[in-house]
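Me: I would like to go through a structure and ask what stands behind the labels given to its parts. Please set each value against its cut-off.

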Amino acid sequence: MSLRYALGVVAVTAMLFPTRFFDTTAVAAQGAAPPPSANACWNPSADIPLAGKTCGPVQALQLSCYVPPDIVTAANLNTMQRSADIFSWQEFMALNWPVLAGQRGVADPGKKIGDAGVRVWETWKEESEVFRPDGIAPEPWDAPERIPASCAGATKHLFRTQKIDDVVDSSLQAAAATGTLPATLTDQRGRLVRYEIRMNKVMFDHIVRHRLYDGKVQAQAKTIDFPSGAMLVKAAWREVTPEEAPSYHTVTACVCDRDVNGQPRDCQPKRMGLVGLHVTQKTPSSPQWIWSTFEQVDNVPGPGAGVGTPGAGAHPAFYDPKCPTCPKNGQTRTGTPNQITRLTPIPAAEPNCAQPQQAVDNVQRLNADVRRALKSAGTVFRFYQLVNTQFPVPPTGTQPPTVFTVRPPVLANTTMETYVQRTSTCMGCHSTARTVNPTTFVSSDFTFTLNNAQPLQPNPNVIAPPSRPVTQWDRQNWAAVTRGYQLTTHTYELLPRHVPRAKLHCSSCHLDAGGNMTAAWWVNLRQKKEYPTLPLLQNRINGCFERSLNGKPLCTPQGQPTPGNPPPCDTNADMHAFTTYMDWLTEQWNDPKTTTHGYPPISTLTGNVANGRMVFQQKCAVCHREDGQGRYEDNVYYRPALWGPHSFNQAAGMFSDPADLAAFVRWNMPLGAGGLLTDQEAWDVEAYIHSHKRPTTPPKPKK
């Protein structure tokens, strides 16, 4: 959008929906919005007085069941942030309105928000109702949700113990900071938080119409484009006591664990209180969706805490004030309470309208205004607060939706992005979501729900890890094959003498343990003209240890002088394991005519460090941390360092040949979403990574 056009939109909006001006630069946040046609929920008489500052006309906020269709688009991003935050609260009230009896997802305009009853979003389809075994069609929208018979009287079924609870999603979405402990959240009473994921009828109908619930059909889709109005919620719940219940929206839920086959077991009806709510909606102005997140005010210390009953603020659900030295914001073993604090503050600053790119809104003040109105309405939702809203900045050119600029760049809910708060970005994370097409990245339009479609399709371009010997050659060499695989996936841990500085594995770059076609795989290495003999291949492996692992060679290849060098490679068991494992990979590939090496091609471009930093923050930092030092919590490898003392040195191909790193990023990153980035984005990330310091070439040992 051009500046002239954006200002025109603001001017027209001001004429059609006037607001009261405080001064020449800021207008009151008490705007009006155009009513939808034939919408029984629209109620201008229920407007909520808002005292906060805004830099341009924005919509009014009303205590009604009206679902807002979009935010105000303006050249001043402070105005857009204010509009987005009002949008979030309007959604929250509409979705938490009592539902019309007998109709899933339809609000009852004849009721008030404080009236008892199931809430609108709670009757939306749970993800598990949509994606069923063998890709069979879901039941119709109005079919009742199935709840285990052992939970008579329960209104919902809660079985998820993590926000990301399936194998596919947990390997792609980095909600955990370490792979050694569960990414569950446990309150101070030792009770596990439970989660649910629900979609509205617009989203459900699109999935059914295009048979996206069927993995075989979905895998053939060329594009996914949900219509505006599609919405998805993620909710977090904790078991509450009778004393705590008055401060929570509560339900009687059937809380179950799941057996190894995913079936419910040990189901019990429990009183559960809502502690976190994500809401996302696709709108005409925001093809990357608008992301809103709310929390119960007494989750952690901070703004809004201490207003629950009785004294919940003194004893937050996820923080023990009596243990200020307890490790904070870390994963714990099952049953051990987490000590959680907020690392992404709820904004409290007023906008400076003279700085239109800032996107600032005083969310704390807005929360106070809205919660005051909710208190007057006599509803328990006065004990909830908006953390913030994330929205896409209107683009200046033609780009795919997965290329965007976002405000604010980081957004986190303490009950859902608990362990990655500093690097959490809803839009950036969800941009990596893909369909079940295993070979080509096809965006699933910012939702991970589609990859639950069955049956899943195996990736024919990735060789599975060794599991059992099949051929006679396998049986004769199986010990070396499995040792080679272990060395590939745990290199610096198993070979500390040879990798004393870097905290990398061979599989950090050669993904899937050298078995991924797009990540410099190890198939047919001896058939390559560069390594036609075993000594040449051994020498190449040694070079990787010296450069890519910033370490020392394993051994001395045959025919090379041995004085002062390591022992001969012919007698080195670890070198033998590597080369034997590479031979096993070659054995698995049944189409040598299509064998490729290195990376798929990428255009030769010039990277921009500043743009690379933005891409890195949105699509890389949640795995590699904002400082690029990787994730090694508990001193255990989880995601690799990209620069600094634990990364590869300047002699490595990833540094000495920038095109190698750009191509690797283009076709393999973010993990599991190779092909998401454009060529330019890949080069920008390459430039940003290479703008940081890393080890120089290690000196040659003296002879």
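Reply: The model shown is predicted, and the questions below take up its labels one at a time.

Me: What does the protein chain consist of in terms of helices and strands, and how much of it is buried?

Reply: The chain has 18 helices and 11 strands. Of its 703 residues, 54% are buried. The exposed surface comes to about 29600 Å², with carbon and sulfur atoms supplying 55% of it.

Me: Why is threonine 389 called buried?

Reply: Buried means under 20% relative accessible area. Threonine 389 has 0%, so the label applies. This residue sits in strand 10, residues 384-392.

Me: Which residues does threonine 389 touch, leaving out those up to four places away in sequence?

Reply: Its contacts include Gln81, Ala84, Asp85 and Ser88, and also Ile290, Trp291, Ser292, Arg407 and Pro408. Tryptophan 89 is 300 residues from threonine 389 in sequence, while their C-alpha atoms are 9.8 Å apart in space.

Me: What makes the pair of threonine 389 and serine 88 a polar contact?

Reply: The cut-off for a pair of N or O atoms is 3.5 Å. The side chains of threonine 389 and serine 88 are joined at 2.6 Å, so the distance is within the cut-off.

Me: How do you know that glutamate 127 and arginine 160 form a salt bridge?

Reply: A side-chain nitrogen of Lys or Arg has to lie within 4 Å of a carboxyl oxygen of Asp or Glu. For glutamate 127 and arginine 160 the N to O distance is 3.4 Å, so the pair qualifies. This pair links distant parts of the chain, 33 residues apart: glutamate 127 is in helix 3 (residues 127-130), and arginine 160 is in the loop between strand 4 and helix 4.

Me: Are glutamate 127 and arginine 160 buried or exposed?

Reply: Glutamate 127 has 5% relative accessibility and so counts as buried. Arginine 160, at 3%, is buried as well.

Me: What makes arginine 191 and glutamate 239 a salt bridge?

Reply: The limit is 4 Å, and the closest N and O atoms of arginine 191 and glutamate 239 are 3.8 Å apart, so the pair counts. Arginine 191 lies in the loop between helix 4 and strand 5, glutamate 239 in strand 6 (residues 231-239), and 48 residues separate them.

Me: Why is arginine 191 called partly exposed?

Reply: The label covers values between the 20% limit for buried and the 50% limit for exposed. Arginine 191 has a relative accessible area of 29%, so it is partly exposed.

Me: Which parts does the salt bridge of arginine 666 and aspartate 679 tie together?

Reply: The closest N and O atoms of arginine 666 and aspartate 679 are 2.6 Å apart. Arginine 666 lies in helix 17 and aspartate 679 in helix 18, so the pair ties together parts 13 residues apart in sequence. Both arginine 666 and aspartate 679 are buried.

Me: How many salt bridges does the structure hold, and which residues are linked in a network?

Reply: The structure holds 31 salt bridges. Glu122, Glu145, Lys156, Glu196 and Arg198 are linked in a network of them.

Me: Why is helix 14 called roughly perpendicular to helix 18?

Reply: Angles of 65 to 115 degrees count as roughly perpendicular. The axes of helix 14 (residues 609-619) and helix 18 cross at roughly 100 degrees and come within 7 Å, so the term applies. Residues making the contact include Val609 and Phe616 of helix 14, and Val685 and Tyr688 of helix 18.

Conventions: Residues are numbered from 1 along each chain as its sequence is written. This is a predicted model: local features need pLDDT of at least 70, side-chain atom pairs count only at pLDDT 80 or more; totals for chains, interfaces and linings use all residues. Side-chain values use heavy atoms; hydrogens and water are left out. Helices (H or I, at least four residues) and strands (E, at least two) are DSSP runs, numbered from the N terminus. Buried means under 20% relative accessible area, exposed over 50%, partly exposed in between (1.4 Å probe, protein chains only). Contact means heavy atoms within 4.5 Å. A polar contact is a pair of N or O atoms within 3.5 Å; within protein, one must be able to donate a hydrogen and the other to accept it, and residues adjacent in sequence count only if both atoms are side-chain atoms. Accessible areas come from the Shrake-Rupley method with a 1.4 Å probe; for residues, only the protein chains shown count as cover. Axes are lines fitted to C-alpha atoms, for helices over the stretch in contact, and angles run from 0 to 180 degrees between N-to-C directions. Angles under 35 degrees count as roughly parallel, over 145 as roughly antiparallel, 65 to 115 as roughly perpendicular and the rest as oblique.
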